[in-house]
Amino acid sequence: MKHGKHKKRRQKAASGKGKRGLSRRALVLASAGILIAALLGIFAWKYFFAKPAFDGRRAFAYLQQQCDFGPRAPGSEAHRRCGDFLAAELGKFADKVWEQRFDYRDKKDTTRVYRGRNIVASFNLKPEKGFRVMLCAHWDTRPWADKDPDPANRLLPVPGANDGASGTAALLEMARVLHGRRPDFGVDIVLFDLEDLGDYHAEAFPDSLNPFCIGSEHFAASRGDYRPRYGILLDMVGDSDLVIKKEAISRAQAPQLMERVWAAARRAGAGAFVDAIGPALQDDHVPFLKRGIPVINVVDFDYPYWHTVSDTPDKCSAASLQQAGNVLVEMIYGGK
Ligand code: ZN
């Protein structure tokens, strides 16, 4: 009896000890399992479901860096150096970067030839689903601040923080986003040169005056085989008081794309995209629209410093670039 009691106690103690050991191991294993599952979940959510993040502050740093070269008027040293910088920066992220170089002879001073550079960065060279999307902006800046309120400034070059650097800056940051997560279709970032050499009445006098959008016209005309499914042009998207209305030519000629972009803006909470009609602008989308490719112009034309020497980074903000970037991310990764 006594002995038996002792045995029982020993058994109980042994089994009790065993249970404690097992439960500790089970606890550790269960914890590890939960941790691994959670990490896998976070990984899956981040890489398969959540949209990648566009960083407006990084984009703003790109805006500042471009302006630090000085005005990027075609033919200037700042233009050449900034072009090299843009190509090198895109080369860090894209599958392929190439430049379309071309000459443009000035129509008022025929001794003058501008050397244009359209810079193209491609992601997914052979997409399975077989279609490509173009994201574009112009990177040159206007050589003359001819809308400056002070006549003394009108032959000075435009610094182009908003008009030139802003769209380009947003697309450089977008290149980083695309590098981090390739969409299953092709994306081409195209930075057009010689957008802003135009004379305001060139359409009435095409033989003697220079048009706007020389680089994009050259690109569209010389590459007839390039037919992206759609394109989005960013121009003057850095204004710290950002209000983007529906540019009238885009709205008339690519209404479905415009509605898709505005729907993406609503989903992204980009309040700067308002449901109002803006002016019709001769911009880099027009050469593509003429050729039947839907490209819309995302532009804030209510910018008091347009074509003045006051178009400087302090008039722009990271928050505005963030909104434009969020809409691009929503369009590219939003599932449509
Ligand atoms: Zn301009």
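Helices (H or I, at least four residues) and strands (E, at least two) are DSSP runs, numbered from the N terminus.

Among the buried residues of helix 3 are Ala-78, Cys-82, Phe-85, Leu-86 and Leu-90; buried means under 20% relative accessible area with a 1.4 Å probe, protein chains only.

## Model and confidence

This is a predicted model, in which local features need pLDDT of at least 70 and side-chain atom pairs count only at pLDDT 80 or more, while totals for chains, interfaces and linings use all residues. Residues are numbered from 1 along each chain as its sequence is written, and side-chain values use heavy atoms, with hydrogens and water left out.

The protein chain has a mean pLDDT (the predictor's confidence in each residue, from 0 to 100) of 92, with 90% of its residues at 70 or more.

## Zinc site

Asp-163 (OD), Asp-196 (OD) and His-307 (NE2) are the protein donors of the zinc ion, 1.9 to 2.2 Å from it. Donors are N, O and S atoms within 2.8 Å of the metal (3.2 Å for Na, K and Ca); water is not among the atoms, so sites may look incomplete.

Asp-163 belongs to helix 4 (residues 161–180) and His-307 to the loop between strand 8 (295–299) and helix 9 (318–333), so the pair ties together parts 144 residues apart in sequence. Both Asp-163 and His-307 are buried.

Methods:
Buried means under 20% relative accessible area, exposed over 50%, partly exposed in between (1.4 Å probe, protein chains only).
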